[in-house]
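The sequence and structure come next, followed by the terms and the findings.

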Amino acid sequence: MSNRSSKQWRRVSVTINAEALSHNLKRVREFAPGSQVMAVIKANGYGHGMHAVSEHLSGADMFAVAMPEEAFALRANGCSKPVLVIHGFIDSTELKLFSELDLATVVHQKQQLDILVNSTLTRPVDVWLKVDTGMHRLGIAVDEVADTYARLCASDNVGQVCLMTHFANADILDNTLNNKQMRSFVKVNNKLSACASMANSAAVIGLPQSHFDVVRPGIMLYGSSPFADRTAEDLELKPAMQLESQLIDIKQVNAGGSVGYGSTFTAEHDMRIGVVAAGYGDGYPRHAENGTPVWLNGRCCGLVGRVSMDSICIELAELDAEVGDRVVLWGKELSVDRVAACSGTISYELLCHAGTAYLANR
Ligand SMILES: *Cc1c(COP(=O)(O)O)cnc(C)c1O
């Protein structure tokens with residue numbers, strides 16, 4: 001094999017649909033026509049590959065990542081758009097790199113403020129001051145925002161100062177905390193009139209009062225629904241990740257026989273079982289329950305037995321299938337949201353894991 005190494009051909013494949021990403025960005029703009037879009041591409045673009053995603057989403061106004069190293073990598077790869085680091089910097093060495101690479105930082109605690117105002121920087125850094133409006137994860141307490149904001153504005157090390165906060169429960173639109181958080185954020189900003197950002201994907205779709213100047217969608221860009229009770233299709237989002245593998249065996253299991261580790265599934269009648277080459281080592285969720293859909297030859301088959309590290313079993317029944325057939329674990333034919341719901345988790349986790357497992361082995 002010339003330069004087509006064995007690693008480039010793999011039974012399990014993750015492919016990314018660039019057109020789906022730009023379509024989903026267009027959907028964000030339709031939902032939030034008056035706001036700028038900060039595309040969230042943390043965790044390696046939710047497993048889709050941060051660099052590829054940043055290129056396919058070049059129509060976004062800015063990007064957000066969680067960690068400094070992600071932002072440094074974006075710059076090293078030639079990305080020249082505004083980039084915000086959600087966790088911000090942890091010490092003055094990191095902060096200097098933010099300044100040199102023109103990265104915006106979140107300030108979510110006081111230590112960051114002290115480092116920022118006391119450093120010597122080559123150029124000012126743009127700051128997003130994070131307000132804790134009720135999630136109680138990261139953020140400055142509401143009654144300390146005005147002071148912090150004033151200290152930031154007074155520093156030569158600081159460029160533009162914007163305000164942001166994050167919803168705890170936006171995926172449950174009628175949760176009472178949502179309105180409380182919005183009221184609290186509006187109240188804080190009334191006195192400051194700073195550029196403001198609050199909405200994640202769920203709020204982009206369902207809480208238009210929270211759009212403000214900049215929206216911060218993540219999961220919807222990748223074509224998954226942020227809501228348990230609304231499908232991506234309903235929301236006209238297109239899945240960006242396709243996770244596929246192949247059928248490697250077909251066998252008969254007679255009534256009374258059990259399938260897989262722990263014998264958690266027992267055949268009640270004679271069954272035709274297919275073995276698919278993908279498991280939790282590929283990011284397929286180990287907690288997927290019996291009956292979790294797996295797409296093969298135009299139909300969804302149910303998972304039977306426990307998910308192994310590199311294989312799963314599915315019930316073929318009368319389905320026309322042969323060894324070598326292409327199997328879709330999730331993607332266009334089968335929403336990752338359905339697989340997540342059958343696995344006691346959310347699409348975010350599945351996309352991150354499968355993408356990371358695939359990219360690490362490439
Ligand atoms: C991850 C994240 C988002 C995006 O959330 P989605 O639910 O994926 O849209 C937005 N803002 C912050 C601060 C985040 O950490």
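On a 1 Å grid over the protein atoms alone, a cavity is a set of points where a 1.4 Å probe fits but cannot get out, whereas a pocket is an open set with protein on both sides within 12 Å along at least five of seven lines; lining residues have an atom within 4 Å of a point. Grid points are joined across faces, edges and corners, and a volume is the space filled by probe spheres set on the points. This is a predicted model, in which local features need pLDDT of at least 70 and side-chain atom pairs count only at pLDDT 80 or more, while totals for chains, interfaces and linings use all residues. Residues are numbered from 1 along each chain as its sequence is written, and side-chain values use heavy atoms, with hydrogens and water left out.

**Cavity**
- There is one cavity of 30 Å³ or more, and the largest cavity holds about 50 Å³ of space.
- Its lining includes Lys130, Asp132, Arg137, His166 and Gln181.
- Strand S6 (residues 125-132) gives the most to this lining, with three residues; strands (E, at least two residues) and helices (H or I, at least four) are DSSP runs, numbered from the N terminus.
- By class, the lining of the largest cavity has three nonpolar, five polar and three charged residues. Ala, Val, Leu, Ile, Met, Phe, Trp, Tyr, Cys and Pro count as nonpolar, Asp, Glu, Lys and Arg as charged, and the others, Gly among them, as polar.

**Largest pocket**
- The largest pocket has a volume of about 1,000 Å³.
- Its lining numbers 44 residues, with Asn200, Ile219, Pro226, Ile346 and Tyr348 nearest the centre.
- Helix H10 contributes the most to that lining, with four residues.
- The lining of the largest pocket comprises 24 nonpolar, eleven polar and nine charged residues.

**Second largest pocket**
- The volume of the second largest pocket is about 320 Å³.
- It is lined by 16 residues, and Glu233, Pro239, Gly331, Lys332 and Ser335 are the closest to its centre.

**Ligand**
- The ligand is surrounded by 13 residues, the closest being Lys42, Tyr46, Ser201, Ile219 and Tyr348; a residue counts as near if one of its heavy atoms lies within 4 Å.
- A polar side-chain atom of His166 lies 3.5 Å from a nitrogen atom of the ligand.

Definitions and conventions:
Polar contact = N/O pair within 3.5 Å; in protein donor to acceptor, adjacent residues only side chain to side chain.
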